Structures are given as C-alpha cells and as structure tokens.
Amino acid sequence: MPVGGRRLDQVTDRSTPVPSDDAVPAGGVFARSWRWLSLGMFALIFLAAFEVLAVTTAMPIIAADLDGEGLYALAFSVPLAAGVVGMVVAGNWSDRSGPLPPLLAAGGLFVVGLVVAGLAPNMPVLVLGRLIHGIGGAAVIVPLYVIVARVYPESVRSRVFAGFAAAWVIPSIVGPTVAGYVAEHLSWRWVFLGVIALVLPAALMMLAPLLRVLDRVQGDPSVRWSGRRVGWSVLAAVAALGISLAAGFDEPWRWLIAVCSIALAVVAVRPLLPVGTLRAVRGIPATVLMRAIVAGAFFGAEIYLPKMLIERYDLPAGLAGAVLTGAGLSWAAASWLQGRLDARLSNTEVVRIGAVTLAVALAGVLGIALFSLPPATAFIAWTVAGAAMGFMYPRFSVAVLEQSPQSVQGFNSAALTIGESLGGAVALAVTALVASVATAGSFAPEFAVTVAIAVVGVLLASRVRPPEGWRRPVEGASTRAGESAAAPTPGE
C-alpha cells in the first residue's frame with residue numbers, strides 16, 4: 001500500500017528494481033538496499049532495551065545504596081514523563097527538518113543522561129540523570145518511526161516493527177542477569193556507563209545509508225515550530241510527576257495533589273494527541289489511547305515484579321531479573337508471529353486478542369501477590385504478559401502510519417509514543433499512590449491497579465478499527481484535524 005500516494009523506492013541502490021508494495025523483497029528488512037540502516041536501528045533499540053531491563057533489575061540495589069527508597073517509583077516515572085517533552089520536540093522537528101537532525105540530537109542527550117545517572121552521588125542526582133536520558137531516549141523513537149514510514153515499503157514495515165521487538169531478545173536473555181551480577185559484584189554505575197560505548201557504533205551504521213537518501217527523509221520547512229505544543233508537553237510532564245510526588249504527602253494533601261495533577265495532565269495532553277483520543281474515537285485516536293492503556297498496565301506491573309521477588313522471596317537480583325527474560329523472549333516471538341499473520345488478522349483483531357491475554361496474565365500476577373504462590377508462577381505469568389504485548393504492539397504503529405498523511409507522520413508517531421510514556425508514568429504514579437496507603441510490602445494493591453487498567457483496555461480494543469468511510473490519505477491533500485485525527489490542535 002502506498003505512503004502518501006507514492007510508492008517508496010529502495011534506499012541506497014536506485015539501479016535495483018523497486019519492489020512492489022504487495023511483495024516482500026528478497027532479504028526482507030535486511031535487503032541489500034537498507035541492510036545497514038536496519039542494523040543500526042535495531043542496535044539502538046537493543047541498547048534502549050538493555051538499559052530499561054538492566055535498570056529495572058538493578059533499581060532495588062541502587063535505591064538501597066543511595067538511601068532513596070522514597071524515590072523508587074519516581075526514578076521510573078521521571079524518564080517516562082520527561083520523555084513526553086522529547087517526543088513533542090522530535091515530532092515537530094522531524095516534520096519540519098526530517099528525522100536525521102532530531103535523531104542525532106536525541107542520541108547525544110541520551111548519552112549525557114547516562115553519564116549523570118552513572119556518576120550520581122545520591123538519589124536526587126540519579127533521578128536528574130534519568131530525566132535527561134529519558135528526554136533523549138524517548139526523542140530517538142519518533143525519528144525512527146518516521147524513517148520506517150519514509151524509507152521502507154509498506155509490505156516490510158510490520159516486519160521492521162517486529163524487528164524492533166526482536167531487538168529486545170538478547171537484552172531480555174542477558175540483560176537482567178548481567179545487570180544483577182554487575183550491581184551486586186561490581187557497581188550498579190556500570191549499568192548506565194557501560195551502554196555509552198555502544199551508542200556511537202549504532203549511530204554510525206545508520207548515518208551513511210540515511211545520507212544517501214536525504215531526498216526521501218527531508219522535512220517540510222513550511223511546518224512551523226510549535227512552542228505552544230512544547231509548553232503543553234512540559235505541563236503534561238509536570239502533572240505526571242505531580243501524581244508521583246503526591247504519595248509523599250500526608251492526608252488529605254496527597255489525594256488533593258493527585259486529583260489536581262491528574263486533571264492538569266488531562267488538560268495538558270489534549271493538544272499533543274490526535275483529536276478524539278480521550279474519547280476513544282475510532283481509528284488513530286483510539287489506537288493512541290489503547291497503546292497508552294496497555295503500556296500503563298504492563299510497565300506499571302513490571303517495575304514491581306523483580307522488587308517483589310527480591311524482598312518477599314529473597315532471590316538474588318540476577319535471578320529475580322530473569323523473570324523479565326521470559327517476557328522479552330515471548331514479546332519477540334509473538335511480534336514475529338503477528339508479522340506472519342498480517343494478511344489473516346486485522347489490526348483490530350490482533351489488538352483485541354492481545355488486550356484480553358494481557359488482562360489474564362496480570363490477573364495471574366495479582367494472584368501471586370495475594371496468595372504468595374511459588375516464584376516460578378511469576379515467570380509463567382509474565383511470559384504470557386510479554387507475549388500479549390509483543391503480539392499487539394507492532395500493529396499500533398502500523399495502524400497509525402497507514403492512516404497518516406506524510407505531513408503529519410512525525411506528529412502522529414510522537415502522539416503514539418507520548419501516549420505510551422504518559423500512560424506508563426501515570427500508571428506508575430497511581431500504583432505508588434495506592435501503595436502508600438496500603439500495607440507495606442504486600443504488592444497486591446500495585447498489581448490490582450494494573451489489572452484494572454488492563455480491563456479498560458479490553459473494553460476499548462475494538463475501537464482501533466478505522467472509522468466508517470475512511471480512505472487512505474493522499475500526499476498533498478489538505479486534511480482537517482477531525483478528518484485525519486492527526487492535527488496538533490485540541491478537539492475534545
């Protein structure tokens with residue numbers, strides 16, 4: 001299927017015949033024309049995956065070493081919330097200048113944040129480092145999505161997104177164990193600093209192929225810089241952090257601050273998302289909302305699972321982190337499977353199956369917390385949860401890109417990841433808030449919140465299908481926000 005009304009040529013070799021949109025070229029995502037570009041993108045996702053999984057495993061040790069138990073949840077919600085700002089800037093920048101400039105700037109910021117976190121003398125400084133590399137890490141994702149839309153034919157895109165998921169496989173296998181060993185026997189600081197040496201080679205693999213196709217990754221200079229959207233993103237991030245910080249206040253202030261912060265987040269996020277997102281309007285708006293919901297449910301539970309295994313079952317950090325390995329492997333396997341079922345199952349059917357499976361898996365995790373079931377059951381439940389996410393996650397991206405005119409691919413890609421980050425940040429904040437008034441160490445309240453979020457996802461999954469009368473956008477067409485669900489203006 002064409003993007004913007006035109007077929008996309010191969011990347012680096014214009015003498016090579018252009019593949020049909022309906023046929024997967026020989027070599028798939030590693031076809032000669034875009035082999036190094038694919039490898040570079042997968043390498044960046046690999047590094048981001050390793051950092052996420054490693055920090056999730058090592059954070060209980062980090063918090064204990066820096067006497068920062070009170071900032072445990074904040075250390076996870078800060079990069080998610082701050083990433084909203086990075087994604088808005090990167091989306092605007094990608095639409096205006098193409099994906100290459102924001103990609104380079106975001107990569108540099110990511111490295112700076114890793115340095116700050118790795119050298120942090122106390123927990124507040126570590127949280128600051130997490131804020132910086134959260135902005136950069138989130139901003140990297142938007143240009144990558146735009147590159148996929150501009151460079152790869154549609155027949156290959158779902159496989160590229162499946163490759164993004166597959167790039168989590170090796171970090172899932174070795175990341176938690178390595179991070180646990182490093183944190184316990186060397187220093188948790190290398191969990192951050194060790195990633196830096198690998199960022200530059202990954203960036204260089206992508207640079208040369210992109211320079212050869214600059215004509216296909218150019219932006220539109222007529223797209224204006226939107227200081228208004230950046231301002232709203234900052235406000236949304238502050239609101240999300242306000243929910244996280246509310247847990248540290250006494251009654252009744254914690255609930256007053258939380259309610260006001262949630263209301264502020266709802267107001268601030270509206271201009272950053274497609275029109276109708278908060279009302280789950282069919283098509284792009286509901287797709288963005290669904291990704292936010294499932295991300296909140298999954299990642300809200302993920303940060304507490306290793307912590308529960310360490311504190312309740314006295315497992316070493318490396319073994320406790322291995323529960324994340326099963327989810328990473330099943331995520332990649334399920335993502336590969338959905339790519340092979342592209343012609344058999346619609347995006348809506350895939351999302352519906354994934355949402356139900358995720359809710360069942362999280363209910364299983366809640367049962368483990370309630371009844372102190374053996375640790376092996378946590379591995380099984382979380383492996384099923386990872387499969388649910390891997391099965392539906394690539395389809396969110398495919399659904400949004402196929403309905404987006406080229407002129408707003410950056411905005412819609414940013415909206416997709418903004419929803420994911422805010423969904424995760426708010427879920428983490430609410431779980432911390434609920435946990436602050438519950439019995440310490442029970443973990444059931446935290447997991448109960450994530451189950452409730454997942455159930456909402458089940459109820460809304462069918463809204464992902466395009467609206468009645470939807471037609472593929474044509475490049476150059478003047479499309480209103482309400483018609484494409486893509487404009488950066490509020491319409492609720």
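Are Trp188 and Phe192 buried or exposed? Both Trp188 and Phe192 are buried, where buried stands for under 20% relative accessible area, exposed for over 50% and partly exposed for values in between (1.4 Å probe, protein chains only).

This is a predicted model, in which local features need pLDDT of at least 70 and side-chain atom pairs count only at pLDDT 80 or more, while totals for chains, interfaces and linings use all residues. Residues are numbered from 1 along each chain as its sequence is written, and side-chain values use heavy atoms, with hydrogens and water left out.

## Overall organisation

The chain contains 18 helices and 0 strands; helices (H or I, at least four residues) and strands (E, at least two) are DSSP runs, numbered from the N terminus. Of the 492 residues in the chain, 58% are buried. Among contacts (heavy atoms within 4.5 Å) with a separation of 6 or more, 83% join residues 24 or more positions apart.

The largest nonpolar core comprises 142 residues. Such a core is a set of buried Ala, Val, Leu, Ile, Met, Phe, Trp, Tyr and Cys residues joined through side-chain atoms within 4.5 Å. Helix α1 (residues 35–65) supplies the largest share of this core, 15 residues. The residues with the most contacts inside the core are Met41, Leu358, Trp382, Ile418 and Phe447. Leaving aside residues up to four places away in sequence, Met41 touches Leu144, Ile147, Val148, Tyr152, Val160, Phe164 and Met206.

Helix α8 (residues 227–246) has 20 residues and spans 28 Å from its first C-alpha to its last, close to the 28 Å expected at 1.5 Å a residue; the expected span is 1.5 Å times one less than the number of residues. The buried residues of α8 include Arg229, Ser233, Leu241, Gly242 and Ile243.

Val89 belongs to helix α2 (residues 72–97). Val89 counts as partly exposed because its relative accessibility is 28%. Beyond residues up to four places away in sequence, Val89 touches Trp225 and Val230. The C-alpha atoms of Val89 and Val230 are 6.5 Å apart, although 141 residues separate the two along the chain.

## Aromatic pairs

A pair of aromatic rings is described by the distance of the centres and the angle of the planes. Rings of Phe, Tyr and Trp (its six-membered ring) pair if their centres lie within 6.5 Å; planes under 30 degrees apart count as stacked, over 60 as edge-to-face and the rest as tilted. The structure holds 10 aromatic pairs. One of them joins Trp188 and Phe192 in an edge-to-face arrangement, with 6.3 Å centre to centre and 90° between the planes. One aromatic cluster is formed by Phe298, Phe299, Trp331, Trp382, Tyr393 and Phe396.

## Charged side chains

There are 4 salt bridges in the structure, each defined as a side-chain nitrogen of Lys or Arg within 4 Å of a carboxyl oxygen of Asp or Glu. The table lists some of them.

| Arg254 | Glu251 | 3.9 Å |

In the pair of Arg291 and Glu420, both residues are buried. This pair links distant parts of the chain, with Arg291 in helix α10 (residues 284–302) and Glu420 in helix α16 (residues 409–436), 129 residues apart.

Glu311 and Lys307 are 4 residues apart in helix α11 (residues 305–313), so about one helical turn separates them. An α-helix has 3.6 residues a turn, so residues three or four places apart point the same way. Glu311 is partly exposed at 42% relative accessibility, and Lys307 is buried with a relative accessible area of 6%. Lys307 also lies over the face of Tyr72, at 4.6 Å from the ring centre; a charge sits over a ring if NZ of Lys or CZ of Arg is within 6 Å of the ring centre and within 35 degrees of the ring normal.

## Positive phi values in loops

Asp67 is not a glycine, yet has a positive phi of about 55°. Asp67 is placed in the loop between α1 and α2 and counts as exposed at 74% relative accessibility. Asp314, likewise a residue other than glycine, has a positive phi near 55°. The loop between α11 and α12 (317–321) holds Asp314, which counts as exposed at 65% relative accessibility.
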